[in-house]
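Please work through the exercises below, which concern the aromatic rings of one protein structure. Each task is followed by a solution in steps.

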Amino acid sequence: MYSKLFKRVLDMVLSLLALVVLLPILAVLSVIGAIAMKGNPFFTQLRPGLKNKKTGKEQIFRLIKFRTMSNAKDENGNLLPDDVRLNGYGKFLRSTSLDELPELINILKGDMSIIGPRPQLVRDMVFMTDVQRMRHNVRPGLSGLAQVSGRNNITWEEKFEYDLKYIEKVSFITDAKLVALTVVKVFKREDTVREGTVSDVDFGDWLVMNGEITQEEYYEKQIEARELFKVLL
């Protein structure tokens, strides 16, 4: 009963209250972000969400975050490396997790939940096994079991294991505990980025680095992801 009804009601009520209370902060960050990023302070990206019960396919939605990297490009029009585009303001947003605040809109809309598996990239989804994609049997979350268990400093395989463990039994008590643990993590500013990286490592790159797939298999999956984008856009 909780996972089918009350969880969604709580998500709507709490996200709406949070948006009202945090509106001044959201407004200030929007203005500062527009200045720091020299343009749109928001960043949107297509992410796989809850599976459609009729089709069995993930419903793709547009995630909303505060932009943490500029759109600076080289003389050929190519985006500069992440470590160049990530300025001090962006690092502050990531370390405090303030860049995630606009996702409250996604929660209110029904794209996401407060607690659930974090929505990964579409290009990461194509590398997941059928078992790993079972994480999409529930709405993705602002935070989840994997986030309070190491977030970006655990392996991708461990992330998915935590996600699957969470969906085995969704309950109010579990969600309440994860909310409390998330607050602690945010204040401690722990595991916001993987050690030795600026923006973590995509799942496909992780598989190549660890010899799980070949470079050829990687390129084939990237083509699959691009074709999926064509259908979605």
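The model is predicted, so local features need pLDDT of at least 70 and side-chain atom pairs count only at pLDDT 80 or more, while totals for chains, interfaces and linings use all residues. Residues are numbered from 1 along each chain as its sequence is written, and side-chain values use heavy atoms, with hydrogens and water left out.

**Exercise 1.** Classify the pair formed by Y2 and F172.

Solution. Rings of Phe, Tyr and Trp (its six-membered ring) pair if their centres lie within 6.5 Å; planes under 30 degrees apart are stacked, over 60 edge-to-face, and the rest tilted. By this rule there are seven aromatic pairs. Next, locate the partners: Y2 belongs to helix α1 (residues 2-21) and F172 to helix α9 (residues 172-188), 170 residues apart. Helices here are DSSP runs (H or I, at least four residues), numbered from the N terminus. Finally, Y2 has a relative accessible area of 15% and is buried; buried means under 20%, with a 1.4 Å probe and protein chains only.

**Exercise 2.** Explain why the pair of W156 and F160 is tilted.

Solution. The ring centres are 5.7 Å apart and the planes stand at 45°, so the pair is tilted. Both residues lie in helix α8 (residues 156-168), four residues apart, or about one helical turn. W156 is buried at 2% relative accessibility, and F160 is buried at 2%.

**Exercise 3.** Identify the residue that lies over the face of W156.

Solution. A charge sits over a ring if NZ of Lys or CZ of Arg is within 6 Å of the ring centre and within 35 degrees of the ring normal. K159 lies over W156, at 4.3 Å from the ring centre.

Methods:
Helices (H or I, at least four residues) and strands (E, at least two) are DSSP runs, numbered from the N terminus. Buried means under 20% relative accessible area, exposed over 50%, partly exposed in between (1.4 Å probe, protein chains only).
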